[in-house]
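Dear colleague,

Please find the structure below, together with its sequence. My notes on it follow.

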Amino acid sequence: MDLRFGDGKPTDEEREAVDALLGPPESSWEGAARDEMDAADLRWARGGREARDRRDQLLPALHALNDRVGWISEGALDYVCRRLTVPPAEAYGVATFYAMFSVRPRPATVLHVCTDLACTAAGASELCATVESRLGPESGVKVERSPCLGLCERAPATLTIRAGASARPAFEDEAVQAERGSGGAAPGDGNGKGRRGRNTHHATAVCAPATPDRAIAAATAPETAPAEPAPETAVPQSGDPALTLLHRIGTVDPTSLDDYRAHGGYTALRRAFTLGPAAVIREVTDAGLVGRGGAAFPTGRKWQATAAQPDHPHYLVCNADESEPGTFKDRVLMEGDPYALVEAMTIAAYATGAHRGHLYLRGEYPRALARLTHAIEQARTRGLLGDDVLGQGYAFDIEIRRGAGAYICGEETALFNSIEGYRGEPRSKPPFPVEKGLFGKPTVENNVETLVNVLPILTRGAEAYAAIGTPTSTGPKLFCVSGSVARPGVYELPFGATLGNLLTLAGVRDNLRAVLLGGAAGGFVRPDELDIPLTFEGTREAGTTLGSGVVMAFDDTVPLPRLLLRIAEFFRDESCGQCVPCRVGTVRQEEALHRIADRTGAAAAGDIALLREVGRAMRDASICGLGQTAWNAVESAIDRLGAYE
């Protein structure tokens with residue numbers, strides 16, 4: 001692709017897709033046709049500064065093109081650059097950063113087949129090979145092997161994305177009907193509209209568990225394919241009155257605001273307004289809530305540091321880009337209890353002095369996108385978002401931003417760059433986000449599970465919440481259990497329960513070989529270590545990590561070397577390439593694992609020594625957590641499981 005304004009011209013369809021989001025161009029400098037120029041256009045440029053202030057619309061504009069056409073042409077990218085005054089080389093760098101975009105022609109229909117850990121263990125390789133052999137070039141479908149789709153409890157899984165203004169989904173449930181009605185669930189006002197206009201349509205189809213016939217039917221003949229029923233709840237404990245975070249999922253209609261309020265919804269927000277911002281932060285601090293994304297940073301301290309900043313405006317960012325293989329708890333919360341997240345974001349914003357919230361959502365979560373879009377629209381209509389929330393004189397609104405397939409955007413500063421229209425590369429710290437975060441302003445960032453924990457803190461009180469769990473790990477914790485278990489899904493247990501307690505609930509199978517804690521960035525433990533307490537401090541003492549709550553069980557039918565190689569491939573693909581230790585180290589790690597895939601003992605000793613050296617370099621010198629943890633699972637498999645002995 002020629003990285004300059006050249007002769008490539010956008011098609012009418014591409015122009016329409018971009019203009020639906022940004023509005024029509026006001027001058028030829030922004031891309032208006034030459035026959036529409038007026039005399040002023042010939043003498044001076046107009047709108048440059050205003051256009052540059054809209055740089056954050058770059059990612060939505062690329063989504064608009066991808067949704068309408070299926071790929072991003074040179075002419076279309078050139079048009080977006082003119083509209084936003086973005087250098088073409090920078091826009092090209094952004095467009096090629098995300099796995100869900102393509103700058104080369106491809107069919108309008110793309111079938112993503114998950115080949116990550118849980119799906120690999122469930123036969124994804126055979127599924128993918130069968131689908132690829134049966135879908136040739138004449139099918140009009142491109143098959144792509146995908147990292148984790150967040151459907152691990154129903155592995156193996158596929159996701160079909162069909163571009164086009166008239167695209168229609170291949171399955172029917174209320175969430176997809178809402179998505180269709182909202183014009184593809186575009187980011188913005190919950191009505192399928194971006195901040196400056198209506199976005200384009202696209203259709204999605206999820207198959208999980210997937211078979212070749214169902215996946216192919218959904219991709220090639222959506223009008224005649226059998227309807228995909230709404231999935232059974234991913235919460236095996238559904239209906240248990242002891243549940244705190246999951247008690248509404250499976251029992252309350254996730255599309256009904258009235259049903260949510262009838263089951264305790266918006267009680268916490270009303271108490272927050274009664275207490276005031278400082279007292280809300282004090283409650284969260286006294287409750288001992290720490291971040292549930294893996295870092296375990298005290299939430300109250302983060303909120304207090306943001307609220308105390310004199311620079312304004314303040315921003316709230318909800319990190320819903322859970323891309324860690326094996327993680328799907330945030331997806332289940334968003335699909336099953338979307339109003340809880342909207343309420344929790346409103347409380348967090350009120351406490352920290354923010355009036356604008358950004359919800360950064362995985363591009364692979366169409367059902368969550370539809371339900372959250374609907375929930376935000378309903379909350380806004382009923383006065384629970386907007387200029388006067390609950391008549392309290394407090395203004396707050398939420399904008400959904402769709403990710404596009406980049407694991408690194410789960411890192412908070414990479415996420416900020418993505419929202420702002422840059423490549424999703426992590427920033428060096430300090431300054432920390434509470435000082436200079438999104439758009440250079442004080443920003444509080446929490447993931448979905450962390451925010452939802454705020455609701456029981458305010459409804460029950462900090463003391464009652466802190467009584468759950470252990471003195472240093474308070475409250476309930478969600479665990480994503482998948483792999484060789486009878487009842488995979490999201491489980492809620494108080495901190496302090498053991499790994500064995502959790503696996504007993506899930507029905508672990510015989511011949512257990514290993515358990516992976518924390519996902520690809522976590523570590524393996526042996527079957528004789530199931531007494532590990534599931535707390536942050538307990539897993540640290542055991543030489544492993546709790547991470548975001550991933551628990552993947554593998555029996556002796558799963559080839560361990562193949563799993564390790566898949567983990568290495570994952571980190572190689574997902575490294576942003578910004579720093580040398582990670583960019584080079586992840587490649588060297590994968591190469592070494594390829595070499596020793598079928599070797600053990602002395603034959604593998606040299607490459608294992610190399611792996612240790614590379615792993616230490618990545619851990620010590622990488623900019624962010626991706627490179628720092630890329631060696632963890634491989635190291636634990638070698639040292640604890642004797643993977644190559």
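**Notes on the model**

In strand 15, Val 551 is the bridge partner of Val 481. The model is predicted: local features need pLDDT of at least 70, side-chain atom pairs count only at pLDDT 80 or more, and totals for chains, interfaces and linings use all residues. Residues are numbered from 1 along each chain as its sequence is written, and side-chain values use heavy atoms, with hydrogens and water left out.

Helices (H or I, at least four residues) and strands (E, at least two) are DSSP runs, numbered from the N terminus. Two strands pair if DSSP finds at least two bridges between them.

**Strand 11 and its partners**

Strand 11 (residues 476–483) is joined to strand 15 (residues 550–555) by 4 bridges, and the two run parallel. Strand 12 (residues 489–494) runs antiparallel to strand 11, with 6 bridges between them; Val 490 of strand 12 stands opposite Cys 480. Because 7 of its 8 residues are buried, strand 11 is largely enclosed by the rest of the structure. Buried here means under 20% relative accessible area, exposed means over 50%, and partly exposed lies in between (1.4 Å probe, protein chains only).

Just after helix 15, Gly 353 adopts a positive phi of about 80°.

A nonpolar core is a set of buried Ala, Val, Leu, Ile, Met, Phe, Trp, Tyr and Cys residues joined through side-chain atoms within 4.5 Å. The largest one has 159 residues, and those with the most contacts inside it are Tyr 98, Trp 303, Leu 359, Leu 361 and Phe 524. Helix 15 supplies the largest share of this core, 11 residues. A second, separate core of 23 residues includes Tyr 491, Leu 493, Val 525 and Leu 534.

**Backbone points to inspect**

Most residues other than glycine have a negative phi, and most peptide bonds are trans. The bond from Ala 155 to Pro 156 is cis, with omega near -5°; Pro 156 lies in the loop between strand 2 (141–146) and strand 3 (158–163). Another cis peptide bond joins Pro 430 and Pro 431, with omega about 5°.

Asn 511, although not a glycine, has a positive phi of about 60°. Asn 511 counts as exposed because its relative accessibility is 52%.

Yours sincerely
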